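Please look over the sequence and the structure below, then read the notes by topic.

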Amino acid sequence: MNSRSSQQLTSFACLCAGTILTLSALTVAPQAREPAQTVAVKEMQDQCDRLAGSPFDRDRNPAYSPVAINEVDASAATACRVAFEATKNPRFAFQLGRALNNSEQADAAMQAYETAANSNYAAAKVNLGMLMGRLGDNEAEFKMYSEAAAEGNILAAYNLGVAYRDGLGTQLDVNKALKWFETAAAAGDSTAAFNIGVIYDEGKLLVEDNQMAIAWYDVAAKGGSKDAMINLGLMYEGGEGIPVNRQVAAELYAQAAAAGDTFGATKLQQLQQAGIAPAPAPEISSLLPDGFQMLVLAPNEVESPSKLKNI
């Protein structure tokens, strides 16, 4: 299928030559423990966790909701710096890196991530790997993902799948790519499930298997992947090898459009103009017959996704 293609790994850091905020005393004690703190310092620790905790860090402070990378407030840097200097806890160094990175202080962010990574902090290894890749050191990037994935970090598992799929810092190995994508998908990563579907769908890295592609698109769509909704909709609309079901296609496009997908909204509008109105969204798996074939689209009919989630 010339469908919406698999999502690529992109570095989330913007490497800038701007003012670098010097980090002081970024040395983690071998067995860092938070000592007794003054009330003011304790407040800084809480503020750092509240403003800069990552959704992909299983060691974050669970008392606070996680914060997406693009929503980390620049004021978190001061709190995280105070928290780290008082405790030498690598979590605060990692979160300091997030705050610095989001304010485009990439060199200082890398130093903070490296400090936490040297203390074996898995989430920091993912971000440090991304920055190393941005600098052109793909082997170091791959090493960081490998170490973090082995320690159970889910985004690292996803990124490692991308690395093996694309030969990023290692030899291309589709079986290892599938292994790590499946690890991430089993933990609820819908993008990983979508990318598995694409591997089976396109038939470039292994023999085309449409049944496996549909099964993984189903998993991904249920997990909220707009791209999987689109690919399933295209299959139903084209009806190659299966009965055409434009009603189901409209429902899938409607789900994607409701999630903000402009291509889904366009396809939905086209079907509505043809008199096809979507019903309330059904359970996708209940609508999938056996014997799916691939839908062939015109080149460039679907715009490829351009961005991945960041840690």
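A nonpolar core is a set of buried Ala, Val, Leu, Ile, Met, Phe, Trp, Tyr and Cys residues joined through side-chain atoms within 4.5 Å. Buried means under 20% relative accessible area, exposed over 50%, and partly exposed in between (1.4 Å probe, protein chains only). This is a predicted model, in which local features need pLDDT of at least 70 and side-chain atom pairs count only at pLDDT 80 or more, while totals for chains, interfaces and linings use all residues. Residues are numbered from 1 along each chain as its sequence is written, and side-chain values use heavy atoms, with hydrogens and water left out.

**Overall make-up**

- The protein chain has 13 helices and zero strands; helices (H or I, at least four residues) and strands (E, at least two) are DSSP runs, numbered from the N terminus.
- Of the 311 residues of the protein chain, 50% count as buried.
- The accessible surface of the protein chain is about 13700 Å², and 49% of it belongs to carbon and sulfur atoms; such areas come from the Shrake-Rupley method with a 1.4 Å probe, and for residues only the protein chains shown count as cover.
- Among contacts (heavy atoms within 4.5 Å) between residues at least 6 apart in sequence, 65% join residues at least 24 apart.

**Confidence**

- The protein chain has a mean pLDDT of 81, with 77% of its residues at 70 or more; pLDDT is the predictor's confidence in each residue, from 0 to 100.
- Residues 10-25 have a pLDDT below 50, and this stretch has 43 contacts in the model beyond near neighbours in sequence.
- Residues 281-310 also have a pLDDT below 50, and this stretch has 85 contacts beyond near neighbours in sequence.

**Nonpolar cores**

- The largest nonpolar core holds 53 residues, and those touching the most other members are Val 126, Tyr 158, Leu 160, Phe 181, Ile 196, Tyr 217 and Tyr 253.
- Helix H7 (residues 154-166) supplies the largest share of this core, eight residues.
- Leaving aside neighbours within four places in sequence, the contacts of Phe 181 include Tyr 158, Gly 161, Val 162 and Arg 165, along with Ala 192, Asn 195, Ile 196 and Ile 199.
- A second, separate core has 31 residues, among them Val 67, Ala 76, Ala 77 and Tyr 121.

**Helix packing**

- Two packed helices are described by the angle between their axes and the distance between the axes.
- Helix H3 (residues 90-102) packs against helix H5 (residues 122-134) at an angle of about 35°, and their axes are 9 Å apart; axes are lines fitted to C-alpha atoms, for helices over the stretch in contact, and angles run from 0 to 180 degrees between N-to-C directions.
- Phe 94, Arg 98 and Asn 101 of H3 make the contact with Ala 123, Ala 124, Asn 127 and Leu 131 of H5.

- Most residues other than glycine have a negative phi.
- Glu 104, although not a glycine, has a positive phi of about 65°; Glu 104 lies in the loop between H3 and helix H4 (106-118) and is partly exposed, because its relative accessibility is 47%.
- Asn 120, also not a glycine, has a positive phi of about 65°; Asn 120 lies in the loop between H4 and H5.
- Val 41 belongs to helix H1 (residues 39-52) and counts as buried, because its relative accessible area is 17%.
- Val 41 touches Val 82 and Ala 86, not counting residues up to four places away in sequence.
- The C-alpha atoms of Val 41 and Ala 86 are 7.5 Å apart, with the two residues 45 apart in sequence.
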